[in-house]
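Dear colleague,

Please find the structure we talked about below, followed by some notes on what turned up in it.

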Amino acid sequence: MDETRDGEGEVFPNISADSSSAGPVPVPFSSVNWSGSSQPVEAKTKAQGMSHQSDVLPCDQLRDQVIGNQSSHTQLMETLLHLRQTVDDCITQLMTRPPQLDLPLEEQRHNQATGEQEAFLRRVVNLLQSGAMWGLGLQAPHPTLGPRDDAGGGQQAQLSRQLDQLVYQLSHLEVAFVSRDLSNHGTDISAFERSKFQDFKTYQGDKYHEDKNTMGFINLGVSENKLCTDLMTERLSRSDMNHLEDALLQYSDQRGQPFLREEVARFLTYYCKSPARLDPENVVVLSGCCSVFSALATVLCDPGEALLTPTPFFGGLVVGSYLYSKVELMPVHLDSEITDGSARPFQLTVDKLEQALLEATLKGKKVRGLLLINPQNPLGDVYSRDSLEEYLEFAKRYNLHVIIDEMYMLSVFDDSVTFHSVLSMESLPDPNRTHVIWGTSKDFGISGFRFGALYTHNKEVVSAVSCFGFLSGISGITQYKLCRLLQDREWIDKVYLPTNHSRLKAAHRYITNKLKALKIPFLSRGSGLYVWMNLKEYLQPCTFEEELLLHHRFLGNKLILSPGKTYMCKEPGWFRLVFSDKPLPLKLAMHRFYEVLAEQKRDLRVKQLEDPQKE
Amino acid sequence: MFALPEKESRAPSTCPGPASTQDLDSNCGDGLERECSRKPDQKLPELYGVGDPTAGFSSNSSHLSSRGGIIKWFWDSAEAGYRTYHMDEYDEDKNPSGIINLGTSENKLCFDLLSKRLSQSDMLRVEPALLQYPDWRGHLFLREEVARFLSFYCKSPAPLHAENVVVLNGCASVFSALATVLCEVGEAFLIPAPYYGAITQHVCLYGNVRLVSVYLDSEVTGPDTRPFQLTVEKLEMALQGANSQGIKVKGLILINPQNPLGDIYSPAELQEFLEFAKRHELHVMVDEVYMLSVFEESVGYRSVLSLERLPDPQRTHVMWATSKDFGMSGLRFGTLYTENRDVATAVASLCRYHGLSGLVQHQMAQLLRDRDWINQVYLPENHARLKAAHTYVEGELRALGIPFLSRGAGFFIWADLRKYLPEGSFEEERRLWRRFLDHKVLVSFGKAFECKEPGWFRLVFSDKAHRLCLGMQRVRQVLEGKSPVAEDPPACQTQEPRDRHR
């Protein structure tokens, strides 16, 4: 972990020092790499020799160019970071202006102009933060393309290409991301879409298929359970699913069809082990958990207000809070290191919650609630009953709402782990501020169904969220099928869940054995569809930039994983790997995984050897 | 419940406030609260009205955010009449004295045909790809089918592209997403009134966007004109008026065929409106959700997609759904067609809140693909049934000496009941509506459509004969029995805060 901190801290001190100086600057990536050895000379000669043949450049010139490219790449990165910080500062300044209400017209106009500037700056920042330029440009060329023994030289050429692209992208920044037709918010949304989901789109166009496209992308990035599609397909094809009546084709109660809400209440009562029967009047069903969360965030928080959330956590909900509702998330950063207050890595404690809340308050952020995911995503962790109780008590003390996402509650496949739904508690500390989200996407592996449910005792919240039934309604036909599915306890208990769990267990075992063989540390406590692993050994230096580069290296090898940055993890080097895929693609994926790591290791070694030359 | 007029009754009131809405802070919505505290102006302009969805709202909740409180109030005030309806729905066998719904615009005439088609084996396919996360814009197979379908039925001069199609769960979602990506908080769209009032809420819930009504007159002003005719002059006046109040107008909403007028814009008119929008750099959202429900062939409906050349294709956005034309409002399938890639991308990004089950996407693709069934079975039968129902209601209204508008499109007749309101006030209008409800027939009053003249009602005729006859019989009883309406309203009036200041 110490190395990680070094790596992280290092980028910033360099910024002010180097951004102003011109020409090749001999500031390499990390001092760790400088450990002297005799090999650098050899490597250098090799690199020059290779390039010499093709480019026919004088030796000195070439050397300058090579080093120049590399360092100006570094420099550009730093300039970018510097720019980002400047812009951030600017915005902080702008935001902290005292509210001026009765200003003369002149001044108001001035403010409006500043407002526009601010909006533009915000967009630039968004862009930088989202890593959009990485997603767009640095994806295509990869060191893997070069001949094996040319890794060093290839990488230099690479860097110059990347540099060109970066410059190109920056100059096209405005053209690409500021559309004259969209509102500021619309532009944000659009830029977000382009950056964050670029990978997903690439994947959509070139998916792996057992027969048709064995060279396609294997997606271990999106958390989907593909292990039981046979069971689901069979169940959904039975004739009871295809019932049709006019009520299903007509407008229904906005909260969802009564028959479905009743079934959801029964289902949750049973599987959450609720001490009392849950009330269908407390259920609202919408098209997916994203919709539920977004509606909930909107009715609980005003724009700009915030929810506390322990990180690392599933980034998809950021989308939920940001795109429509403009609600912010305040991370409660957890440490991988085990300290006095914690028994395991990334453990959430009330102390940390208190501290994060205090920090938010000091920053002037209004915190309205706490967002928990249980079983946790991406940690695969399950909160004990005591911890849950503590978190809820904490929230009650500060009048905070608690939104609990229990999307993976039936995907706890390790029998020794006991999941406690918040609905199983004898009495909730603050029932009017406790809201539970569940859906079929993960537990039944049918994310394409678009179904999410809210359970809350708070009638006001039920009413307000119901209003969104207009905008996030579920097809009557789908509601009927869902009802049939949830009703069929016999099938769920005797067929689906046992099979699903044993398949999850097998896939999990396969992946964890592979990771163990590679000596890759990981976390996984027998729930969820993923493992959370630490690849910092493969990052030199251990920074988010390098994490992203490694991510793109995986992409270059047609493998999609999720880098920790996406989960707002504060330590670079963590990746989430989804294992709930069929054995064949899983095996192939691990092969690609292994290849990339081997290459990465080779490159790191070369880099290490090269660095001392620049002295 | 989706299309219910009480919901619409919380539609904008005509209270143009001072120019306080120039939000300098573009990123968040204290606009809402500010609006709440605004006092209605006394002088009501005749030509336009700036919608204020939250006028009359006053409540504080300990658990909800301030916008959450407003949203809850939307819900509560919406419920009044419809709660009554849902607790006492008519059923031929179980509840023959229940309420007949001539208020919700739904086509209940062709369930037999749809049910048969949707039960055929091609509809029932289940495959893994349909169960997993789709492309947020909608499955490609469906977007391709939508493009083909619209090319054919909108008679587009060139084939439409699947790339320009985004699939969502209904047109309400399309309105919401478009409002969010095109406008900042507090900005507005122009919309000719009377209009389908639920749009007010669609654009307000997430987008916090308002509607500026372009008021149309029932009076015919000259030769070659018709009642409630929209003209470019009216659009210009409304736009100027809104601008003068400091309200930034970003677009124009057109519903064609119109709801509730049942009117249709000629290609020449359409062209003029689009040119107007282009002059002022306004987006145009054309809602063509009734395009195949034109049952009078002589009307000659033309989709905006059929125009040879769009004046401003990058700012023209067309929406369509199966809710009305295929009588499947509960299926939640709607689609946006726009050549503007930025808009399509941004809307697609919001589709994670407006998704549609893969299985239903498959069914929709199968349905839209089946031209034989659509052209030879469904459309002729649907039109014949609509025409028959329409003829019947027309006859009833004529017998009562009630003037009405209806040009052979849509599911409704826009009836002029002004002669039953001696004072001609919205208060009376509401009372008459209440009397209908007390006589177990639900209709929609003009205020819900932001009509500026009290006394207009929308009657939906696309229901089965036995319910329709019974409904019309009850309408007749109310109108013949106790006209004019003058006396006190019944008790439950308190539930409708919307009409307090009227």
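Two strands are taken to pair if DSSP finds at least two bridges between them, and strands (E, at least two residues) and helices (H or I, at least four) are DSSP runs numbered from the N terminus. This is a predicted model, in which local features need pLDDT of at least 70 and side-chain atom pairs count only at pLDDT 80 or more, whereas totals for chains, interfaces and linings use all residues. Residues are numbered from 1 along each chain as its sequence is written, chains are lettered from A and ligands numbered from 1 in the order in which they are written, and side-chain values use heavy atoms, leaving out hydrogens and water.

In chain B, eight strands form an open sheet of mixed pairing, in the order β1-β5-β4-β6-β7-β8-β9-β3. Its edge strands, each pairing on one side only, are β1 (48-50) and β3 (165-168) of chain B. The strand β1(B) runs antiparallel to β5 (residues 210-215) of chain B and is joined to it by three bridges, with Gly49(B) opposite Ser213(B).

Helix α9 (residues 232-244) of chain B lies across β1, β4 (188-193), β5 and β6 (249-255) of that chain, at about 135° to β5(B); angles run from 0 to 180 degrees between N-to-C directions, and axes are lines fitted to C-alpha atoms, for helices over the stretch in contact, where contact means heavy atoms within 4.5 Å.

Chain A has 22 helices and 13 strands, and 60% of its 615 residues count as buried (under 20% relative accessible area, with exposed over 50% and partly exposed in between, for a 1.4 Å probe and protein chains only).
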